[in-house]
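Q: I would like to go through this model with you, one topic at a time. Could we start with individual side chains and then move on to the strands and the pocket?

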Amino acid sequence: MAAGPSQAAPRVFPQLHLLEPTDNIRGIQTIIHNSTTSNSEFEFHANRLIRLVVEEGLNALPVQEKHVTTATDYPFKGAIFNSAVCGVTVMRAGDAMERGLRECCKAIHIGHILIQHEAGTSEPIVYYAKLPSDVSTRLVLLLSPVIVTGGTLCKAVGVLMDHGVAVENITCLNLLATPTGIAEVLDKFPQLRIVSSEMRETCCALDFTDRYFGT
């Protein structure tokens, strides 16, 4: 009997880091994906997942050693980030991640980029961009909770590059992504890092913004 067609192996993205799918994380994702979850419960559990992604994103940033003295006068070999860090939200969905970032980095500077699709076309258009004046010298955490086609995220990365940010200094923090969207972004920007909680063929959170903000 002739062998059937073999399935292509899933593509591996070296610059994509997915959270370990622990039972806790899968439980949070179950609540978020459930169509019967109320808006208030959706927001609460999305914030839990956002905090986990932010912490993992901070783990991905480059650091250097720093030696300090403890309160009991003992030396401690620690670490600090190589450069100052800032956040940039891809509005409006990315605004949902701002609080989680501030909870981890109290005094962080945060910029905003508004990108919308022109009526009748799929072309993303930048309508607004306000970034820290020294963004080109910082490590940038780009907040984009949902990646479907990747077009909006590519446009946002382009805006940062236009302001002098090196791609290797950008880490995108994401909750839900499709392989198509990830491929679109990383094929165009192979040095970009993406930290996400989940990648799946069918993105179940196209209504993320409406459910999070209750609109």
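Q: To begin, is Glu98 buried or exposed?
A: This is a predicted model. In it, Glu98 has a relative accessible area of 18%. Glu98 counts as buried because the limit for that class is under 20%.

Q: Which side chain does Glu98 meet in a salt bridge?
A: The partner is Arg102, at 3.3 Å from N to O. Both residues belong to helix α3, which spans residues 98–104, and they are 4 residues apart, about one turn of the helix.

Q: And how accessible is Arg102?
A: Arg102 has 33% relative accessibility, so it is classed as partly exposed.

Q: How many salt bridges are there in total?
A: The count comes to 9. One of them links the side chains of Arg138 and Asp134, with an N to O distance of 2.9 Å. In that pair Arg138 is buried at a relative accessible area of 11%, whereas Asp134 is partly exposed at 29%.

Q: What about Arg200, which residue does it pair with?
A: Arg200 forms a salt bridge with Glu198, and their closest N and O atoms are 3.2 Å apart. Arg200 is partly exposed, with a relative accessible area of 34%, while Glu198 is buried at 11% relative accessibility.

Q: Changing topic to the strands: how many residues of β7 are buried?
A: Strand β7 is mostly covered, with 5 of its 5 residues buried. Leu139, Leu141 and Leu143 point to one side of β7, and Val140 and Leu142 point to the other.

Q: Which way do β7 and β9 pair, parallel or antiparallel?
A: The two strands pair in the parallel sense over 4 bridges.

Q: How many residues of β9 are buried?
A: In β9, 5 of 5 residues are buried. Ile170, Cys172 and Asn174 point one way from the strand, and Thr171 and Leu173 point the other way.

Q: What is the sense of the pairing between β9 and β11?
A: Strand β11, residues 193–196, pairs with β9 in the parallel sense, over 4 bridges. Thr171 stands opposite Arg193 there.

Q: How many residues does the largest nonpolar core have?
A: The largest nonpolar core has 30 residues. Those with the most contacts inside it are Val140, Leu142, Leu160, Ile170, Ile182, Leu192 and Ile194. At least two residues each come from β4, β5, β7, α4, β9 and α5. The largest share, 6 residues, is supplied by α4.

Q: Why would such residues gather together?
A: In soluble globular proteins, nonpolar side chains tend to be buried together.

Q: Last topic: what is the volume of the largest pocket?
A: Its volume is about 530 Å³. It is lined by 25 residues, of which Ala93, His117, Val146, Val148 and Thr152 are the closest to its centre.

Q: Which elements give two or more residues to the lining of the largest pocket?
A: They are β4, β5, β8 (146–147), α4 (151–162) and α6 (208–213). Strand β5 gives the most, with 4 residues.

Q: And how does the lining of the largest pocket divide by class?
A: The lining has 14 nonpolar, 10 polar and 1 charged residues.

Methods:
Residues are numbered from 1 along each chain as its sequence is written. This is a predicted model: local features need pLDDT of at least 70, side-chain atom pairs count only at pLDDT 80 or more; totals for chains, interfaces and linings use all residues. Side-chain values use heavy atoms; hydrogens and water are left out. On a 1 Å grid over the protein atoms alone, a cavity is a set of points where a 1.4 Å probe fits but cannot get out, and a pocket is an open set with protein on both sides within 12 Å along at least five of seven lines; lining residues have an atom within 4 Å of a point. Grid points are joined across faces, edges and corners, and a volume is the space filled by probe spheres set on the points. Ala, Val, Leu, Ile, Met, Phe, Trp, Tyr, Cys and Pro count as nonpolar, Asp, Glu, Lys and Arg as charged, and the others, Gly among them, as polar. A salt bridge is a side-chain nitrogen of Lys or Arg within 4 Å of a carboxyl oxygen of Asp or Glu. Buried means under 20% relative accessible area, exposed over 50%, partly exposed in between (1.4 Å probe, protein chains only). A nonpolar core is a set of buried Ala, Val, Leu, Ile, Met, Phe, Trp, Tyr and Cys residues joined through side-chain atoms within 4.5 Å. Two strands pair if DSSP finds at least two bridges between them.
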